[in-house]
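Welcome! Take a moment to look over the sequence and the model, and then we will walk through a few of its details together.

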Amino acid sequence: MKLYGYFRSSASYRVRIALNLKGIAYDNAFIHLRRGEQSRPAFLALNPMAVVPAFADGPHVLTQSLAIIEYLEETHPAPPLLPRTPAERARVRAIALAIACDIHPIDNLRVLGYLEHELKLDQARRDAWYRHWVEVGLKAVEAMLAGKPATGRFCHGDRPGLADACLVPQVANARRFNCDLTGCPTILAIDAACQTLDAFQRAAPQNQPDRE
Ligand SMILES: N[C@@H](CCC(=O)N[C@@H](CS)C(=O)NCC(=O)O)C(=O)O
């Protein structure tokens with residue numbers, strides 16, 4: 001199995017967490033996003049969307065971090081990253097999708113690049129865009145989690161899963177851009193609980209061989 005990723009890519013980080021939680025060994029192929037390697041023909045043949053991650057398992061080449069994690073869940077069910085009942089699974093997926101679909105895409109490298117190079121926003125205004133949408137999004141995720149009986153030490157109960165694999169990379173990005181997370185105590189507590197686990201530590205950007 002091979003993960004095509006980049007140390008700072010939060011979507012790749014999600015998959016690394018899932019692989020580690022499940023104890024699956026894998027090889028890395030590093031796609032340097034700042035050098036534009038995601039747009040080279042060799043990578044486009046794997047993922048025409050020109051984004052990481054991509055994941056190869058034998059003849060299967062998979063894309064989209066959540067599809068990859070669901071594939072891992074189906075092929076390696078233990079330990080599960082989704083809870084048991086349909087309603088619980090829908091809750092976990094809703095948290096994961098709020099991050100992966102509603103927060104992350106509008107703050108992606110290529111979106112920030114468009115703001116900067118095409119719309120000529122200076123770095124301060126570009127970063128303001130980033131902080132605004134991440135703060136709005138994470139406040140909504142906080143409301144999904146705070147005070148809910150289903151929320152435990154982690155996003156759902158006391159076992160880490162799919163929602164945590166999405167939340168921790170988004171928090172790491174938010175910190176990198178100095179987002180204000182003071183209104184998100186539940187998120188910060190869950191992030192702190194995840195950081196104590198080896199699976200999350202080994203997946204962190206600063207612990208990847210391609211880090212800069
Ligand atoms: N929905 C995709 C998003 C993938 C994605 O946006 N990856 C980013 C890094 S986190 C990327 O490769 N960006 C390259 C670019 O913007 O040019 C997924 O979940 O896999």
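## Around the ligand

Let's begin with Q64, which has a polar side-chain atom 2.6 Å from a nitrogen atom of the ligand. That is a polar contact, meaning a pair of N or O atoms within 3.5 Å (within protein, one must be able to donate a hydrogen and the other to accept it, and residues adjacent in sequence count only if both atoms are side-chain atoms).

## How the model is read

This is a predicted model, where local features need pLDDT of at least 70 and side-chain atom pairs count only at pLDDT 80 or more, while totals for chains, interfaces and linings use all residues. Residues are numbered from 1 along each chain as its sequence is written, and side-chain values use heavy atoms, with hydrogens and water left out.

## A hairpin

Strands β3 (residues 54-57) and β4 (residues 60-63) run antiparallel and are joined by four bridges. Strands pair if DSSP finds at least two bridges between them; helices (H or I, at least four residues) and strands (E, at least two) are DSSP runs, numbered from the N terminus. Within this pairing, A56 stands opposite V61 in β4. The hairpin has two residues between its strands, and G58 takes a positive phi near 60° there.

## Aromatic pairs

How many aromatic pairs are there? The count comes to four, taking rings of Phe, Tyr and Trp (its six-membered ring) with centres within 6.5 Å; planes under 30 degrees apart are stacked, over 60 edge-to-face, and the rest tilted. Y4 and F43 form a tilted pair, 6.4 Å centre to centre with 50° between the planes. Because Y4 lies in strand β1 (residues 2-5) and F43 in helix α2 (residues 41-44), the pair ties together parts 39 residues apart in sequence.

Y4 counts as buried at 16% relative accessibility, and F43 does at 3%. Buried means under 20% relative accessible area, exposed over 50%, and partly exposed in between (1.4 Å probe, protein chains only).
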